[in-house]
Amino acid sequence: MSRRRTWTEITVVLMLSLGSSALYSVLQIIDDLSQTTPLGKQSTALNTSTTTVQYVDLARQLLGIAVDLAPVALVCMLLWSSSRPHLGRLGIDRFRVRPDLGGAALMALGIGIPGLALYFTGRALGITVAVDPAALGSYWWTIPVLLLSAVRSGLQEEVIVVGYLYSRLGDLGWGRWQVILSTALLRGSYHLYQGFGAFVGNAVMGVVFGWVYTRWGRLLPLVITHVLLDATVFVGYPFVARAFPGLFS
């Protein structure tokens, strides 16, 4: 494709997905900083219920996940190859147990523990808002939906920000670190609504993921790592919050 068409495609994909999230997040942090309440005293919630009608809420949660995954399907179509592996340009090939599960578990530990420490540091410094990652009502489907939300986040962020953008920016002639740092900045920016600590933590995570991806060229370990991190936070948070009520305030 021509450079103009490539940039147009990138813009459309991002505006349908995480690019628009980044813009909204920037506006949100500007709004938060404009409030009389200090940033450290503010809060935000993820995975929130939309109604008290149980099955309407379930339908909306599932619909939201499906809509968020539509751009993932789009980039898979855009980079689909007629030869195997069909999604090789996204770094997706056959599943391999040791690197995809074992490597992902190690990365999740290596990123999750410092990430939690950074969250509490940001809260102490007043640069990170209080985050409730599991604000759904307590229903029989709450945990399955939270797990699906973790899968949604892992697929959406890694397939688009790493697999797709690394491929397309490479087509445009961008260098390795130019791609790593720019996509890490994007990753941090769509987390700005959680405060500056979340921006820094996710940008660093983007650099680590980018380095791993450019070294081995495989996306599945990153997706699985992301899913493990989010699933642990989404499902584990309510139990930890009840056991230690003052920990996340």
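Arg168 lies in helix α5; helices here are DSSP runs (H or I, at least four residues), numbered from the N terminus. With a relative accessible area of 7%, Arg168 is buried. Buried means under 20% relative accessible area, exposed over 50%, and partly exposed in between (1.4 Å probe, protein chains only).

Which side chain makes a polar contact with the side chain of Arg168? The partner is Glu9, at 2.6 Å. A polar contact is a pair of N or O atoms within 3.5 Å; within protein, one must be able to donate a hydrogen and the other to accept it, and residues adjacent in sequence count only if both atoms are side-chain atoms.

## About the model

This is a predicted model, in which local features need pLDDT of at least 70 and side-chain atom pairs count only at pLDDT 80 or more, while totals for chains, interfaces and linings use all residues. Residues are numbered from 1 along each chain as its sequence is written, and side-chain values use heavy atoms, with hydrogens and water left out.

## Helix α1

Glu9 is one of the buried residues of α1, along with Thr6, Ile10, Val13 and Leu14. Seen down the axis of α1, these buried residues fall within an arc of 125°, so they line one face of the helix; the arc is that of the directions from the helix axis to the C-beta atoms. An α-helix has 3.6 residues a turn, so residues three or four places apart point the same way.

The face turned away from the buried side of α1 carries the exposed residues Arg4 and Arg5. On the buried side, α1 packs against α2 (18-34), α3 (54-78), α5 (142-171) and α6 (176-189).

## The nonpolar core

A nonpolar core is a set of buried Ala, Val, Leu, Ile, Met, Phe, Trp, Tyr and Cys residues joined through side-chain atoms within 4.5 Å. The largest one has 55 residues, and Leu90, Tyr164, Leu219 and Leu222 touch the most other members. Helix α5 gives the largest share of this core, 11 residues. Leaving aside neighbours within four places in sequence, Tyr164 is in contact with residues including Glu9, Ile10 and Val13.

Definitions and conventions. Helix = DSSP H or I, 4+ residues; strand = E, 2+ residues; numbered from the N terminus. Contact = heavy atoms within 4.5 Å.
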